[in-house]
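Hi,

Here is the structure I promised to pass on to you.

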Amino acid sequence: MQDWRWPTYRPRNITLEQVVYENDDPNRGGVRVKAKDGKVYLDAVGGIGCLPLGHSSKRWVGAMTEQMNTLVSAAGPFWTDVNTALARRILDMAPVADGRIFFGNTGTEVTEASIKVALKATGRDVIIGFEKAFHGRSLGSLSLTANPKYRDGFLTTPEDDGKRFAHMNVVRAPFGDLEATAKLLEQYAGRVAMVCLEPVQGEGGINPAKRDFLVGLHGLCRQHGSLLALDEIQAGSGRTGDFSAWTTLVGDDPALFPDIIWWAKALGGGFPISAVVARGDIAAHMVPGTHGSTFGGNPLACRAAMETLDIMQDDDLFARAGSQLATLQTIAATKPISAVREVRGLGAMLGMDFGDPELVSKLVAATAEQGLLVTASGGIAIRWLFPYWAGEDILAEAWDKLGKAVAAVS
Ligand SMILES: Cc1ncc(COP(=O)(O)O)c(C=O)c1O
């Protein structure tokens, strides 16, 4: 077939066609998808973390259909009942003091909004990010993304060695290294607008931050008058066991709350919506004209997120997601795959570290041969982002398929 795409994705040569449901529970979407050639795959990609209920939960589809018959589009300045309800709900769960919300559509948009609010609120120009970080592909988000694979050719100029974009300089510390972060804060004293990180690095190899590191960053930021900012696009929206990965890792002590957090991916249950919450006094700097989004907070996307959160609440899905890693580690201990160096992550953010980019690359294709769709993370790990309800049976089946794929390529 003539490839109609920009060659930005390594093609997988699978044409996905339709969700396959396994039971009559209207809350549960499918974890399997049928391809055009009739093959059925167990889906551990989940739109790269966008399907916390699985594909097309019937209750979620019903709510969306009803909303489409009510109101689909309303520009940013207008309130609707559904965006007000969603804003209240997220603000209630967000570990941010006196939060105010901005709605976007995709992940990178809310990274951009966060960069803008941090620069504006502090009047500073340096942002501290971390090695192996991924924050999106628009140019501001890309400046914060560490891997040169994503950045080269867009941000590097001979004058500034890739560090400068617009009114912003990015410097990076190793992920987890509090001392290196403190040194950067001292080196750029009075200039650091925010320290920005993913609580669990999603594209960088599934690396969860340690509690001490996060609490230490909070203390350093307070000491230097810098904002602490969390990209929970992949790790948030319940995937780690709480709505916010910060809460899972640090707890809900308001004295330790960060200043800005943002979510996307799983928030809409498969429909695009993103949200960023900043402390009220920080958000207050974004006066009319400083930011906006035509589609941000539209009633259809907000309804998708509301229904997703309702289903998560009714089925206790945060707790179910939170238990996936322990379940998988038990399965892995009982039936080890010798090439797997470590099974790590947090909740339903699962990574199998093989430490071998060539093997991982082969496994992405070999697992599909076995009927399992996966993505790689950080070059060295296979990543699974199953629906939150997925339990031991699904994880054990996926583990068996992974084992067979390893055997097939070894
Ligand atoms: C942590 C993180 N930040 C930002 C993004 C970018 O999100 P989007 O592709 O929706 O723009 C991603 C996507 O994978 C992500 O995982």
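This is a predicted model: local features need pLDDT of at least 70, side-chain atom pairs count only at pLDDT 80 or more; totals for chains, interfaces and linings use all residues.

**Domains**

Where the two domains touch, 23 residues of domain 1 are in contact with 25 residues of domain 2. On the domain 1 side, the elements that supply two or more residues are helix H1 (46-49), helix H12 (317-322), strand E14 (342-346), strand E15 (349-353) and strand E18 (381-384). Of these, E14 gives the most, with three residues. Sorted by class, this side of domain 1 has 11 nonpolar, 10 polar and two charged residues.

**Ligand surroundings**

Which residues are closest to the ligand? They are Gly 107, Thr 108, Gly 136, Ile 233 and Gln 234, out of 15 residues that surround the ligand. Helix H4 (residues 107-122) contributes the largest share of this shell, three residues. By class, the shell consists of four nonpolar, eight polar and three charged residues.

**Helix pairs**

Two packed helices are described by the angle between their axes and the distance between the axes.

*H2 and H11.* The axes of helix H2 (residues 58-68) and helix H11 (residues 299-314) come within 9 Å and cross at roughly 150°. Angles over 145 degrees count as roughly antiparallel, so H2 and H11 are roughly antiparallel to each other. The crossing of H2 past H11 is right-handed. From H2, the residues in the contact are Arg 59, Trp 60, Ala 63, Met 64, Gln 67 and Met 68. They meet Pro 299, Leu 300, Arg 303, Ala 304, Glu 307, Thr 308 and Ile 311 of H11. This contact is made up of eight nonpolar, two polar and three charged residues.

*H14 and H15.* Helix H14 (residues 357-369) packs against helix H15 (residues 392-409) at an angle of about 120°, and their axes are 9 Å apart. That angle makes H14 oblique to H15. H14 passes H15 in a right-handed crossing. On the H14 side you will find Leu 359, Lys 362, Leu 363, Ala 366, Thr 367 and Glu 369, which meet Lys 401, Leu 402, Ala 405, Val 406, Ala 408 and Val 409 in H15. The contact of H14 with H15 counts eight nonpolar, one polar and three charged residues.

*H7 and H8.* Are helix H7 and helix H8 roughly parallel or roughly antiparallel to each other? Helix H7 (residues 178-187) and helix H8 (residues 211-224) pack at an angle of about 15°, with 10 Å between their axes. Angles under 35 degrees count as roughly parallel, and H7 and H8 are therefore roughly parallel to each other. Here too the crossing, of H7 past H8, is right-handed. Leu 178, Thr 181, Ala 182 and Leu 185 of H7 meet Phe 213, Gly 216, Leu 217, Leu 220 and His 224 of H8. Six residues of this contact are nonpolar, three are polar and none is charged.

That is everything from my side for now.

Best wishes

Technical notes: Residues are numbered from 1 along each chain as its sequence is written. Axes are lines fitted to C-alpha atoms, for helices over the stretch in contact, and angles run from 0 to 180 degrees between N-to-C directions. Helices (H or I, at least four residues) and strands (E, at least two) are DSSP runs, numbered from the N terminus. Angles under 35 degrees count as roughly parallel, over 145 as roughly antiparallel, 65 to 115 as roughly perpendicular and the rest as oblique. A crossing is left-handed if the near helix is turned anticlockwise from the far one by less than a right angle, and right-handed if clockwise. Two residues are in contact if their C-beta atoms, placed from the backbone, lie within 7 Å. Ala, Val, Leu, Ile, Met, Phe, Trp, Tyr, Cys and Pro count as nonpolar, Asp, Glu, Lys and Arg as charged, and the others, Gly among them, as polar. A residue is near a molecule or strand if its C-beta atom, placed from the backbone, lies within 6 Å of it.
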